[in-house]
Amino acid sequence: MKIKVSVCSADELYCEKLISYFNSHYYDKFQWDLFTQPAYLQQIFQSNTADLILVGGEMKEELEEVEEASRNGQLWAYLVENDDEQEDGNWYLEKYRRADQIYRDLLDLYAKKEHTHYKDTSIVSGKTSFIAFVSAGGGIGASTIACAAAKAFSQMEKVLYLNLENLGSCEIAFTGESKSGFDELVYAVKSRRNTLELKIESSVSRDGTGTYYFKECENPLDLQTLSPEDMKELLKGIESLKTYDRVVIDLGNGMQDKEIAVMSMANRVIMVTDHSEIAAYKLQRYLKFAQAVEEVRKVDIISKIQIYFNKSLKSMQLPEHISQIRVGGAFPLIKNGDYVGIIEKIAKMELLQNIR
């Protein structure tokens, strides 16, 4: 479901640029209607069809003439240039800010509405970005690309690679200090003691290329004992440190409560697929299931997804969208090389820098 936004402002050039940007980058999140004459204000409020109404600050006098009964129960805010125009008792959206900040402001405003269908529970600290890598089937290469992304991002940022697959392994792709690893985190989360942040710092290892990671649990069953709430505690603990610029989360191809909890908290979900017929079928099933999860649990997942193809040949055509989800690009088929060598080759590809 898209959030319906009606904008009434005389600043036509700004509004057109804003809507054009959002239609390009958040096309699956918002539906826009633009009005440039104050005469439409009464109609906008009386129609009661918009989830959110933005009114240009220059139209304050005209808005006051709109019947109070029409305004009551409507979610609206003034669209203004700076803080000086703000007054108590009303909501405001500053115009000249970064697009991602305006996006968050819009979601914050929409969250004030009584009947919110989708809840964006992403961890947003301004410091750490959480990116989850998933696939709809095994053997497609989501883990390979996740490892490569972590190594690539580590060249410029402080990055933590977090493998949450039930049978995942970090030590093939990352080699470094011998720390206790994920076993300590499981204990800290389960014990509910105020030691999680300390355990994160003391248990993390650093790869020779600069990527931080946790050695996998000695017993894979220990990881499976973590509940969705445990996963949320873990991610919040990592976020509270404000140490890492990015956290790359490898979820594999699961869609159980654990994976759903992580995806609902991630800032971006990278869905990896390939060109095979069975992969296309599984992808459609996965997306359909994710949509059903959204409707039942009122969480936001679909709008965060970007699709990337793996093992592509140059001759293969890429669709721009799949089920209205943007396709970010394709990683080529690498025929020669071992697992670590393939990761190193992918880590050097510019395509990874498109993942935000």
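S323 sits in the loop between strand 13 (321-322) and strand 14 (325-332). Strands here are DSSP runs of E with at least two residues, helices are runs of H or I with at least four, and both are numbered from the N terminus. The model is predicted, so to speak of a local feature I need pLDDT of at least 70, side-chain atom pairs count only at pLDDT 80 or more, and totals for chains, interfaces and linings use all residues. Residues are numbered from 1 along each chain as its sequence is written, and side-chain values use heavy atoms, leaving out hydrogens and water.

Back to S323. What is its phi, given that S323 is not a glycine? The phi of S323 is positive, about 50°. S323 has a relative accessible area of 42%, so this residue is partly exposed; buried means under 20%, exposed over 50%, and partly exposed in between, with a 1.4 Å probe and protein chains only.

The other loop residue on my list is K242, which lies between helix 10 and strand 10 (246-252). K242 is not a glycine, and its phi is positive, at about 55°. With a relative accessible area of 46%, K242 is partly exposed.

Now the chain as a whole. The protein chain has 13 helices and 14 strands. Its radius of gyration is 23 Å, close to the 21 Å that the globule rule gives for 356 residues, so the chain is as compact as a globular protein of that length. That radius is taken over C-alpha atoms, and the rule is 2.2 Å times the number of residues to the power 0.38. The C-alpha trace spans about 70 × 55 × 35 Å along its principal axes. Of the 356 residues, 49% are buried. Take the contacts (heavy atoms within 4.5 Å) between residues at least 6 apart in sequence: 69% of them join residues at least 24 apart.

Next, the helix pairs. Helix 8 (residues 196-203) and helix 10 (residues 228-241) have axes that come within 9 Å and cross at roughly 75°. Axes are lines fitted to C-alpha atoms, for helices over the stretch in contact, and angles run from 0 to 180 degrees between N-to-C directions. Helix 8 is therefore roughly perpendicular to helix 10. The class limits are: under 35 degrees roughly parallel, over 145 roughly antiparallel, 65 to 115 roughly perpendicular, and the rest oblique.

Which residues of helix 8 meet helix 10? They are L196, E197, I200 and E201, and they meet E233, L234, G237, I238, S240 and L241. Ala, Val, Leu, Ile, Met, Phe, Trp, Tyr, Cys and Pro count as nonpolar, Asp, Glu, Lys and Arg as charged, and the others, Gly among them, as polar.

Helix 10 also packs with helix 11 (residues 257-265), at an angle of about 35° and with the axes 8 Å apart. From helix 10 come P228, M231, K232, L235 and K236, and from helix 11 come D257, K258, A261, V262 and M265. That contact holds 6 nonpolar, no polar and 4 charged residues.

Last, helix 6 (residues 142-153) and helix 13 (residues 339-347). Their axes come within 8 Å and cross at roughly 55°, so helix 6 and helix 13 are oblique to each other. Helix 6 contributes S143, T144, I145, C147, A148, K151 and A152 to the contact, and helix 13 contributes Y339, I342, I343, E344, I346 and A347. By class, the contact of helix 6 with helix 13 has 9 nonpolar, 2 polar and 2 charged residues.
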